[in-house]
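Subject: Structure for your review

Dear colleague,

Here is the structure I said I would pass on. Please look through it first; my notes on what was found follow below.

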Amino acid sequence: MIFSIVITGAPYSSQASASALQFSRSALKLGHSIHRVFFYADGVHSGSALAAPPQDETNIPAQWAELSREHELDLVVCIAAAVRRGVLDENEARRYEKKGHNLSPDFNLSGLGQLVEAGILSDRVVTFGA
């Protein structure tokens, strides 16, 4: 089965990202594939390269990046939601004349069209968050 995952909750104020991560690991272990993981609303914070949780806590953004590298997952952060929340790649930082950028290199900024395409190309779209 081909899944796409949508995450709308921030990694440390919601269980959404951690639950989606566990679901994704389990699905992949069972032989399913994941077409795309789409981070929307506060879920875009999972794409921040600046997250620095205490050492005794799970680094959820880093775990998404690691899972992406292991399984060549497409991690897409909604550009409108990300810019609104200060999660920027190098191009958007330049465009908005910001001094820095913080999107992890394992994530990509893109629009809602990527979510629509994911729904078309997947057998199931599973949403985590409010």
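A residue counts as exposed when its relative accessible area is over 50%, as buried when that area is under 20%, and as partly exposed in between. By that cut-off Glu 72 is exposed, because its relative accessibility is 75%. Please keep in mind that this is a predicted model.

Backbone angles

Glu 72 sits in the loop that runs between H2 and strand S3 (75-78). Its phi is positive, about 50°, although Glu 72 is not a glycine. Ala 41 has a positive phi too, of about 55°, and is likewise not a glycine. Ala 41 belongs to the loop between S2 and helix H2 (60-71). For background, most residues other than glycine have a negative phi.

Arg 36 is part of strand S2 (residues 33-39). Is Arg 36 buried or exposed? With a relative accessible area of 5%, Arg 36 is buried. Outside the four places on either side of it in sequence, Arg 36 touches Phe 3, Ser 4, Ile 5, Asp 74, Val 76, Gln 114, Glu 117 and Ala 118.

Arg 36, Asp 74 and Glu 117 are linked in a network of salt bridges.

The salt bridge between the side chains of Arg 36 and Asp 74 has an N to O distance of 2.7 Å. Arg 36 lies in strand S2 and Asp 74 in the loop between H2 and S3, so this pair ties together parts that are 38 residues apart in sequence. While Arg 36 is buried, Asp 74 is partly exposed, its relative accessible area being 23%.

Other salt bridges

How many salt bridges does a search of the whole structure find? The search finds 6. As a general point, side chains of opposite charge can pair when their charged atoms come close.

Among the salt bridges is one between Arg 69 and Asp 106, whose closest N and O atoms are 2.8 Å apart. That pair links distant parts of the chain: Arg 69 is in helix H2, Asp 106 is in the loop between helix H4 (90-95) and S4, and 37 residues separate them. Arg 69 is exposed, at 53% relative accessible area.

Another salt bridge joins Arg 95 to Glu 92, with 3.2 Å between the closest N and O atoms. Both residues lie in helix H4, 3 residues apart, which is about one turn of the helix. Arg 95 is exposed at 56% relative accessibility, whereas Glu 92 is buried at 10%.

Glu 90 is found in helix H4 as well. Its relative accessibility is 46%, so Glu 90 counts as partly exposed. Glu 90 and Asp 123 are 33 residues apart in sequence, and their C-alpha atoms are 34 Å apart in space.

Strands S3 and S4

S3 and S4 run parallel and are joined by 4 bridges. Within this pairing, Cys 78 has Ser 110 of S4 as its bridge partner.

Val 116 lies in helix H5 (residues 113-121). Val 116 counts as exposed because its relative accessibility is 52%. Together with Ile 120 and Leu 121, Val 116 forms a nonpolar patch on the surface, and the three have about 310 Å² of accessible area together.

Regards

Terms used:
Residues are numbered from 1 along each chain as its sequence is written. This is a predicted model: local features need pLDDT of at least 70, side-chain atom pairs count only at pLDDT 80 or more; totals for chains, interfaces and linings use all residues. Side-chain values use heavy atoms; hydrogens and water are left out. Helices (H or I, at least four residues) and strands (E, at least two) are DSSP runs, numbered from the N terminus. Buried means under 20% relative accessible area, exposed over 50%, partly exposed in between (1.4 Å probe, protein chains only). Contact means heavy atoms within 4.5 Å. Two strands pair if DSSP finds at least two bridges between them. Patches are made of residues with over 30% relative accessible area and no salt bridge: like charges are joined within 9 Å, nonpolar side chains (Val, Leu, Ile, Met, Phe, Trp, Tyr) within 5 Å. Accessible areas come from the Shrake-Rupley method with a 1.4 Å probe; for residues, only the protein chains shown count as cover. A salt bridge is a side-chain nitrogen of Lys or Arg within 4 Å of a carboxyl oxygen of Asp or Glu.
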